[in-house]
Amino acid sequence: MFIQLFKYANVSVACLLYLFSFSCCNATETPLNTGSIIFKYRIFDSKAQSFKVPDYNGDSRYLYKDSFFIGNIQLTTIKDLNGKEVSRNTTISRYVFADLRKRHFYNYKTFSDTASLLKSFMPDHSGKVDDGWKFFISNSQINKNDMTPLPDTIMYGAVYKRLKGYSNDINNEGVANRSERVAYYRCDIKGAPLSLDNDFSRQNGCPVLRLEYIQKDIHYYVDVEYRPGKFTPEEEKVFSAWENYAKEHPVSN
Amino acid sequence: MSERIQALQENLDFSKARYEHRNAQEKFAVIPVKEAFKSQNNRDKNPFNYLVVALDAQPALTKGNLIQYIPDRERMPAPQNTFAKIYNYGKLDCSGKFTILSVADDFQFELTFEKGGLKTFSEKRSKQKGNSGGRTTSCTDWYYQTWAVWSDGSMELISETYAFTTCDDDCWLAKTINGRTFRVECSGGGGGGNILYEIIEELAARPGDFIVGTGSIWYVKAYVSMTGRKVNGIPRFTGISYSSSTIFQGAGVNAVWTKTNATTEYSYSTASCAVQGKVVFEQGPDAELSRIGTWQANNVFQ
C-alpha cells in the first residue's frame with residue numbers, strides 16, 4: 001500500500017501546488033537553447049511496484065541547439081538457439097543532424113566531426129521524415145475537448161499540466177480495450193524540437209512531453225525530458241562540424 | 001594400415017569382381033572377399049563378404065564398405081545388382097540379412113530383407129550417462145536398436161538392447177558384443193567413416209517461431225517452416241523458409257512493423273532465419289531490429 005501511495009505521490013504534490021502552478025505556467029516562457037533530450041519508455045512492474053525500462057526500449061539521448069537537433073537510431077541484434085536468446089547487442093546504426101528551421105536532414109554513420117555523410121534529405125510533402133522523426137507530422141494523441149484536466153504536477157523540477165481521457169484501442173485479435181490516457185505538457189518553454197503531439201503543441205504553444213497509458217494490467221508511459229545545459233567538448237566539436245556542413249551544403253529539392 | 005584392412009586387402013577376389021550401376025554417374029565395384037578372411041562380425045553365420053566401393057564418373061572412389069550377406073535359405077551369393085538395388089530402394093532378388101561394416105571391420109548397421117523388401121534396420125544409438133562413482137569422465141551407454149521399416153518408408157522402433165558403455169578414456173577401443181564389433185569415435189561419432197547405404201525417412205514440415213524484438217508493451221514475432229528427413233535414423237534439415245512476421249502490441253502503442261529483409265540458410269544439423277526490419281512508433285523515432293533464430297535438427301525433429 002505504501003508503495004502504491006508513493007507511485008501516485010506526484011498527484012498529491014500537484015494538489016498542493018495546483019493554484020500556484022496554474023498561474024505560473026503562463027507567466028513566462030523560457031526559450032530552449034542548448035541541451036539534451038532523454039527519450040524514454042517506462043513500463044509499470046506490478047511485482048516491483050515501480051516503473052522499469054522495458055526490454056529493447058532503452059533510453060535515447062539526443063542533442064539540441066536552437067533549431068538544430070542531433071538524434072540517433074538504435075539497432076538491436078539478437079541471436080536465438082532453439083527458441084532461447086543466446087546474445088543481444090544494441091548499437092547506434094546512424095545519427096541524424098537536423099536543421100529544423102530549413103527542414104534539412106543529414107544522416108551520419110558515426111558521432112564524429114569527421115564522420116562520413118550517409119545521405120541528406122528533406123521531409124516528404126506530409127512532413128514525414130526518414131527513420132520516423134516526428135517533428136512536423138500530425139501525430140495527434142489528445143483532444144483537449146474530450147479530456148478532463150488533472151491537477152498540475154512537478155517533474156524534473158518543472159511544472160507539468162495534465163489532461164486525462166479515455167480511448168478504445170483495438171488489439172491484434174480485434175478486441176477493443178478501453179484505456180486511460182494522461183497527457184503531460186509544459187507551457188513554460190518554447191521552441192521545443194520534440195513533442196509527443198505536434199497538433200496540440202501548435203494549437204496551445206505547449207509541448208506534450210509525457211503520455212501515459214493505463215489499461216487493465218498494462219501501465220506505461222513515453223517521456224521526453226528536456227535537460228538544458230552545455231555540451232561536452234566532444235559534442236560541441238561534432239555539433240559545430242555538422243552545423244557548418246549543413247550551412248555549406250543545403251539540401252536541394 | 002590396420003591389420004584388419006590389410007587382411008581384407010589380401011583376400012579380395014578380383015577374379016569375381018563386378019560392377020553394378022546405381023545411376024548414370026555412379027557405379028559400385030563389388031569385390032567378393034575370400035573365405036580366408038574372417039570378419040569379427042557374424043563369425044558363426046558363415047556370411048558372404050563383399051567389399052563394395054562407390055565410384056563416380058571419373059571414376060574415383062567416393063566411399064566404401066565391407067558388406068556381409070547372410071541368405072535366408074539356400075546359401076547362394078548375392079545376385080547381380082543386389083547392392084545397386086539396395087541403394088536405389090529397389091526390390092531385391094533375394095532375402096536375408098546385410099550387415100554393413102566399415103573397411104576396418106566395425107559394425108555400422110544392418111538391414112534385413114524379406115521377399116526382396118526391406119523389413120528392418122538396426123544400428124547402435126547412444127544415450128548420454130551422467131558422471132557416477134566419483135569418476136570425472138563422462139560415459140555413454142550404447143544400445144542396439146532395431147527398427148521396422150514400413151512400406152511407406154516410415155520406421156518404428158521394435159527392439160532396443162543395451163550393448164556396452166564407453167567413457168572418455170576408452171571410447172576408441174573396439175568392443176565385440178553378440179557377434180558384432182563396435183567402435184566409437186572419441187568425438188562421439190559412430191566410427192568407420194563413409195556409409196554406403198542410407199535409409200531415408202521423410203519428415204513432416206515443422207513450424208518454428210521466434211521473437212524478433214519486444215518492448216514489453218509490443219513484440220514482433222516471425223514464423224518459419226522447416227523441412228527435414230531422417231537418414232539412418234538421424235534427423236537432417238532439407239530446408240527452411242520464412243513465412244511471415246507480425247507485431248503484437250498493447251493499448252495505445254499503435255506501432256507498425258515493417259520487415260526489410262528475411263534470409264534463411266541450413267546445413268544438415270542447423271537451420272537459421274535472419275529477419276531485419278523496423279518498428280515505426282506513433283511517438284519517437286523508429287527502432288531497428290535484427291534477429292537470427294537458429295534451430296538444431298535434433299531439437300526440431302525429435
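The model is predicted: local features need pLDDT of at least 70, side-chain atom pairs count only at pLDDT 80 or more, and totals for chains, interfaces and linings use all residues. Residues are numbered from 1 along each chain as its sequence is written, chains are lettered from A and ligands numbered from 1 in the order in which they are written, and side-chain values use heavy atoms, with hydrogens and water left out.

**Extent of the interface**

- In chain A, 41 residues are in contact with 34 residues of chain B, contact meaning heavy atoms within 4.5 Å.
- The two chains, A and B, bury about 3000 Å² between them, and 49% of it lies on carbon and sulfur atoms; buried area is the accessible area (1.4 Å probe) that two parts lose on being put together, summed over both.

**Polar and charged interactions**

- Three salt bridges are found across the interface of chain A and chain B, each defined as a side-chain nitrogen of Lys or Arg within 4 Å of a carboxyl oxygen of Asp or Glu.
- A:Arg94 forms a salt bridge with B:Glu288, with the closest N and O atoms 2.4 Å apart.

**Elements on the chain A side**

- Strand 2 (34–45), strand 5 (68–81), strand 6 (84–99), strand 11 (176–185), strand 13 (208–215) and strand 14 (218–228) of chain A each give two or more residues to the side that touches chain B; strands are DSSP runs (E, at least two residues), as helices are (H or I, at least four), numbered from the N terminus.
- Strand 5 of chain A supplies the largest share of that side, ten residues.
- The side of chain A that touches chain B comprises 17 nonpolar, 14 polar and ten charged residues; Ala, Val, Leu, Ile, Met, Phe, Trp, Tyr, Cys and Pro count as nonpolar, Asp, Glu, Lys and Arg as charged, and the others, Gly among them, as polar.

**Strand pairing between the chains**

- Strand 5 of chain A and strand 17 (residues 287–296) of chain B run parallel and are joined by seven bridges; two strands pair if DSSP finds at least two bridges between them.
- The bridge partner of A:Asp80 in strand 17 of chain B is B:Gly293.

**B:Glu282**

- The loop between strand 16 (270–280) and strand 17 of chain B contains B:Glu282.
- B:Glu282 counts as partly exposed because its relative accessibility is 24%; buried means under 20% relative accessible area, exposed over 50%, and partly exposed in between (1.4 Å probe, protein chains only).

**Chain A overall**

- Chain A has four helices and 14 strands.
- Of its 253 residues, 48% count as buried.
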